[in-house]
Structure formats: structure tokens, C-alpha cells
Amino acid sequence: MIVSFLDRRGFWEKHNISAWGPILMIRTTKGLEWIDKAAKPKRFWRLFANIGIVLMFIGMIFMFALVLASDYALVESFLEGSVMEPGKYNELKNIFLIPGVNDFIPFTWGLLALVVTLVVHEFSHSILARVEGIRVKSMGILLAIIPIGGFAEPDEEELFGGEIDFEKQRAQAQAQSEYNDMTASIEEIRAHEAQLNKETEAQAEKQMETEKQTETEEQTKTESQTENTNANEKTNAKTNTKTKPKVVATNVQRSRVLSAGVMANFCIALVAFILFFGPVLGGITTIGSLQITDIDNNSPAAIAGLSKDMVIVSINGQTVTDPASINESLKNVAPGDSVVVSAAYDRVITDYTLKTNANAENVNYAGIYIQNVVSGSPAESAGIESGMVITKADGVYVPDVNGFSEMLSTKKPGDTIVLTAETFDENGHVVQTQDLTITLGQNPNDASRAYMGISYTSGPLHIGLLGFSVGQFNAATYLDILNRLPSMLFDLDFSDISGSLKVMLAAWIYMMALPFFGLTGEGFSGFSGSMMQFYAPTGWAEPLGIGIFWIANALFWIAWLNFYVGLFNCLPANPLDGGHVFRAMIQTIGEKFKMSSEKAARLAGKICFYLSIFIFGSFIFMFIWPFIGKYFLTLLG
């Protein structure tokens, strides 16, 4: 509201600031000399940009193929009668890479990465503009309460002169085509003549102003010659600069300037990824794999001082990494015995002595966690809901997913089963335990098999003797996969080129989706929150302490955002950099086939226009289809 209020009063314009909604573009001409200095190694920058053009076309093919594949998958699923349910992956706020708004991008590291990405991208455009002799009008920062990026403004008429002139010619031709002497009314003829007179007068006035300015400049030059020879030379140089025709970039020069931003993003991403996947991950090790998710009231664990989010390292000196190892460590413990549990919090390992509950059973069970319930299924009719944990079936503890599957395989359609279900609050504490009776139905794929209508995974392991539950996160495997990911990106096996190319493609797509899906389906936001509890610095990083995680998070998000923004800008759609480069390429091809420049530009403009509509239409379709697709399925039966 403040930005809008000041904008209406002309405050921002007075200080050479532009307002775009709540975002301010603060311009300055200070620092432009730095860009000129940075642009001096012209041969290097042209090589840099030429490589960028090649990478841009590779990225263009890759991204356009992804768009086509996504469209095909949506159409195929619709023909099969299914539509993806709306969720956080297609929420409007998660479409844009805005830290703090997007659910998957952390505010601090995302903001840092976004600033680096935008500054690198924009200043690379400016440096290449100066290399190609194109004027840079200003530079500055983007401000939205806090700085969110930087920008530089090359002269658009010099950079896009050909495209701008073509658009003006097309607009003029369209305006003229709308008027016809043979069909126009008297009022239209008079209006047309009045318009022509205005244009003629405006041109005459402009010509007079130009002549007057020229006379003034000549007079100033003459006076300067009589006063001082050195001043004369400076005035001549200044006059020549003013009267010199504007430079208009060629298609090749324009492509270099536009591809420089993408190339810079890719270079920063490469350097950050090398540091992240190299020395930084090498300086991180695992502490354990089992984390406390809940502690029973007045239990031995609560009395001893154990708390939620601690990582269990060992029980009675035996390292525990999974439910099987916990069962092994407690198999000879009787109710009432003392047990020593080693647990870590903030990378500090402490031993806790627990006197086990004399009235508890030495039975450890994980149960199953209900992920989804099919609408209209027997489970829904019985009251089963997503988020519940099933601990018993017909009074018998469910040890894990395999145990539940084995039990269900012994049932037939029509049988009844009593499930003990626990409901949790937002803090993970049990708020209700109830027995639900389910009459099993027929499996849609096999009428002889029982059917409940649920999807599930393993629940938290409850340790009755100790009075707490643990969830398993395979931290060592997670870290190992992250370490092996770079080799998968470039693992080209010439003995099986087809297979290795598929692995490489899957790895690249996985890299793009890592923040959204991670390795466990919950997304990888970096080493933060409860995930930090599973890891500790080691080797060279040990003196850094928690600082190694800050470095890892900064590098990961700088690398990912630069990589993603660079790839997205490769799309052959206006106003993205890839759209302008694609248009320049089409125009160049047209001219090589003996087309006139105007005709080639018109063809390139049309192709790029319709391609832009298709690409952005596809993106819109991807995000709105889950919300409207089911209505079309219902309509078509």
C-alpha cells in the first residue's frame, strides 16, 4: 500500500525507481565502469557465450521434451479414466520459486540462492552487452522490503532493434489494413486524413527540432574551437557520439548476450555442486538411524530424561540401526531390569540408565501407518482415516508391514477383522485408541483375494519395555545416495549406451526434483531441522561444527536454483532468453534460404509466438487439470 501510494504521487519516478507491485527497481549508473572493465577480455567472453549458446539449445531440447512428456502423461491418464489428485505439488504458491512462499524452498537459504542466481544472470547479460558494444543504461537492486536480486538494463533498442522495428512495422501495417478507401464512410475518411495530418505535423516538428539541435551543436563546436584546442577535440568526440547512429545487435550478438545469463547460471551451479558433492558431503558422517518420535507419559524413558527427536545410538552397548537390531538388544531383558540407552541430541551422545517397566510386555511393534484410504472402500466404511497407525489385528500386535501383509493374505472376501487404531495430534502424541471392525471386500484385480482399500507404510516402532517409539530414517543410505548421484549424472557406459543414457536422464530429472521428492518422498531441503540430528561433522569439517551444515545448505540451494533457473530460461518461449535466441535462430535459417529479412523475422515471430502459447498453456494445464479433470471424467462417463 505504501509503495502504491508513493507511486501515484510520482515519488519513485522522481528518484529513478520503478515499482512493480510491491517490488522496487532501484537504478543507478554507478558501477557501470566496473562492467566495462570486466568486459575487456572480449575473446574470453565471446567463447564463454558461444558455449552458452550450445548449452542453451541442449537445455531447450531437454525442457521442451519434458513439457511434451508431461502433456502426454496427462492425456494418457485421462484416457485411462484417472486424474491426479490436487496436492501441494500443484498448489499455486508452489509454482513460483519464492522463498518463504514455496513450501519446498527454505526462506533463508532460498533467499540467498535467489539473490546469487539473479545477480549472476543479469550481470552476465550486461558484460556481454558491453563486449558486443551495446550500451548498458543502468544497474541496481530489486527490493521487496529486503533485497531479492540485482539487475542491469542493456539498451533494448540496440539489443532487440530488429525485433522492435519489426513489431512497429507490423503494428503500422495492421493499422493501415484496417482502413480501406473503398469501404470507409465519410467520417472514417475524415478521421484518417486528420490522423495523417497529425503524423505529418509531428514529423515536421521533429525535423525542425533536429535541425535546431544540430545548429546549436555546430555553434557550440565553433565557439569551443576558438577557445581551446583540447576542448575542441573533446567536444568533437562528444558530438560524434551523439550523432552516431544507434548500434543494432546482429542475431549472433543478440544470442551471445542472451545466452550469457544461462551460461553463468550453469557455471555457478557446476562449481557449487562440485563443492557440495565433494568436500562438503565428505565432511559429514552419520550418527544413527533411529529417532524418538513419541514418549509415553511417566514411562522409564521420560523419567530418565530422554526426549523427542533424540537419535538412539545403542542399547546396552549394542549399536541399533533398525527394528531387528533393537529386538536383538532387548531379547534377554526382563521387565524390571535396568537398560543403558545411548542417545544423541545436537551431535552430543549421552548415556541414560532406564529401569524398565515391570508391568510391560517385552514386545516391540511398528504397526502400519495409513497413507491413504480409497473412497467407498471397506476401510473408509469402518472409519479408518489417513494418518492413523494400526498397532493390532484381531488382538495380535502388528510387527511391521510384512507381518500385516502376511496376516491379510490369510483372509478371504467377506471375513471380518478387528483393527486397533491409534490417532495422533500435531505433536505426534497418541490422543485416541479404538478398535474398528472391517468387513473385507473383493480385490478389484482378483476376486478371490480380500480387499481393504488402504495404502500404508511402516509405522513408528514402539518399545514397550522402555516406553517410547522410534521412527527409522536410513541416514547412511541417504548420504551414500547423495554421494553417488554425480557419478549417475555422467555415467555413460559405451557397452550399453541406451541403458546408461536412460540412467543419466533419470538422474538429471531426479536432480531437478530433489527438493520436491527427496529420497524418501518428503523432499530434500538440506541439512536442517530434525534431519541435522542424524549427522555430524567429521574429518576436515569437524572444527566447523554446525557451520558445515550452513555451508552445505547454502551450496545446495545456490547450485539447484542456478541450475533450475538456467534450464527454465532455455525454454523456446518469450519473454525467456531461450525464446529470443530461438527466434534469432529461426530468422537466421530463413535468411539462409534466401528469404528477405522482414519475411524471415515475421516467420520467426509467428513460430515463437505460437510455441510460447503452447509451452505456457501446457504449464497452466498441468496445474489446473487436477482440479478440473475429474469433472470432465464425470461428464464423459
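Author: The Gln253 side chain makes a polar contact with the side chain of Glu132, at 3.2 Å. Keep in mind that this is a predicted model.

Reader: Where is Gln253 found?
Author: In helix H10, which covers residues 251-282.

Reader: Leaving aside neighbours within four places in sequence, what is Gln253 in contact with?
Author: Glu132 and Val248.

Reader: New topic. Which residues of helix H12 are buried?
Author: H12 spans residues 323-330, and its buried residues are Ser325, Ile326, Ser329 and Leu330.

Reader: How do the buried residues of H12 fall, seen down its axis?
Author: Within an arc of 125 degrees, so they line one face of the helix. In general, an α-helix has 3.6 residues a turn, so residues three or four places apart point the same way.

Reader: And the surface. Which residues form a nonpolar patch there?
Author: Ile620, Ile624, Phe627, Ile628, Tyr631 and Phe632. Together they have about 570 Å² of accessible area.

Reader: Take Ile624. Which helix is it in?
Author: Ile624 sits in helix H19, residues 597-636.

Reader: Why does Ile624 count as partly exposed?
Author: Because its relative accessibility is 40%, and partly exposed lies between under 20% for buried and over 50% for exposed.

Reader: Zoom out. How many helices and strands are in the chain?
Author: The chain has 19 helices and 22 strands. Of its 637 residues, 41% are buried.

How values were computed:
Residues are numbered from 1 along each chain as its sequence is written. This is a predicted model: local features need pLDDT of at least 70, side-chain atom pairs count only at pLDDT 80 or more; totals for chains, interfaces and linings use all residues. Side-chain values use heavy atoms; hydrogens and water are left out. Buried means under 20% relative accessible area, exposed over 50%, partly exposed in between (1.4 Å probe, protein chains only). Helices (H or I, at least four residues) and strands (E, at least two) are DSSP runs, numbered from the N terminus. The arc is that of the directions from the helix axis to the C-beta atoms. Patches are made of residues with over 30% relative accessible area and no salt bridge: like charges are joined within 9 Å, nonpolar side chains (Val, Leu, Ile, Met, Phe, Trp, Tyr) within 5 Å. Accessible areas come from the Shrake-Rupley method with a 1.4 Å probe; for residues, only the protein chains shown count as cover. A salt bridge is a side-chain nitrogen of Lys or Arg within 4 Å of a carboxyl oxygen of Asp or Glu. A polar contact is a pair of N or O atoms within 3.5 Å; within protein, one must be able to donate a hydrogen and the other to accept it, and residues adjacent in sequence count only if both atoms are side-chain atoms. Contact means heavy atoms within 4.5 Å.
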